[in-house]
Amino acid sequence: MSKGGLYEMRCRPPKVVSVEERTCSCGYWQSIGFMCRHAATVIIKACGGEGNLVDHIDPLYLVDAYRRAYEEAIYPVVESDIPDFTKEGDRVINPPRNKRPAGRPKVKQIRSRGEES
């Protein structure tokens, strides 16, 4: 443990973990919201055990958030709502227009000095 609640992990390369700010120098905890192995190790060894791990997980990853996301009905897509792209008609998708680059195309290879023809 260092000053201000910072913990140094002795690994290659060394990592710095702040449990209060939920940050790790590997960047995983900040970007994903789910703790990395460095943070989990610090919480288990220095902050008092595995029961504490759930308190440091972003609420997005908990079961309650999953249940709230899917509590409303999800209706299937009916085949009549899907457009038929196999038939020709108004829904023709054309390939993109390719523009030639500006300038004249090279016709002859430019050889370096000393290179044989």
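**Stop 1: the sheet.** Select residues 6-9, 15-18 and 23-24. In this predicted model, three strands form an open sheet in the order S1-S2-S3, and their pairing is antiparallel. Strands of a sheet pair through backbone hydrogen bonds, either parallel or antiparallel. Which strands sit at the edges? They are S1 (6-9) and S3 (23-24), each pairing on one side only.

Now zoom in on S2, residues 15-18. S2 and S3 run antiparallel and share two bridges. Opposite Val17 stands Cys24 of S3.

**Stop 2: the helix on the sheet.** Select residues 37-46. This is helix H2, and it packs on the sheet. Which strands does H2 touch? H2 touches S1, S2 and S3. Compare directions next: that of H2 makes about 110 degrees with that of S1.

**Stop 3: the core.** Select Val17, Val19, Trp29, Met35, Ala39, Val42 and Ile43. They belong to the largest nonpolar core, which has 14 residues, and they touch the most other members. Which elements give two or more residues to this core? S1 and H2 do. The largest share comes from H2, with four residues.

Stop 4: How many aromatic pairs does the count come to? There are two. Start with Phe34 and Tyr61. Their ring centres are 5.3 Å apart, and their planes stand at 75 degrees. Planes over 60 degrees apart count as edge-to-face, so this pair is edge-to-face.

Trace the chain on either side. Phe34 is in the loop between H1 (28-32) and H2, while Tyr61 is in the loop between H2 and H3 (63-69). The pair therefore ties together parts that are 27 residues apart in sequence.

Colour by accessibility. Is Phe34 buried, exposed or partly exposed? At 34% relative accessibility, Phe34 counts as partly exposed. Tyr61, at 39%, is partly exposed too.

**Stop 5: the second pair.** Select Tyr66 and Tyr70. Their ring centres lie 5.1 Å apart with planes at 55 degrees, so the pair is tilted. Both tyrosines, Tyr66 and Tyr70, are exposed.

**Stop 6: the whole chain.** Zoom out and switch to cartoon. The secondary structure comes to three helices and three strands. Follow the chain along its sequence and the pattern reads β-β-β-α-α-α.

The accessible surface comes to about 11,000 Å², and carbon and sulfur atoms hold 52% of that. What share of the 117 residues is buried? Buried residues make up 19%. Last, look at contacts with a separation of 6 or more: 24% of them join residues 24 or more positions apart.

Technical notes: Residues numbered from 1 in each chain as written. Predicted model: local features only at pLDDT ≥ 70, side-chain atom pairs only at ≥ 80, totals over all residues. Heavy atoms only, no water. Pairing = 2+ DSSP bridges. Contact = heavy atoms within 4.5 Å. Axes fitted to C-alpha atoms, helices over the stretch in contact; angles between N-to-C directions. Core = buried A, V, L, I, M, F, W, Y, C linked by side-chain atoms within 4.5 Å. Buried < 20%, exposed > 50% of the residue type's maximum accessible area, 1.4 Å probe, protein only. Areas by Shrake-Rupley, 256 points an atom, 1.4 Å probe, with all protein chains shown as cover. Phe/Tyr/Trp six-rings, centres within 6.5 Å; stacked < 30°, edge-to-face > 60°.
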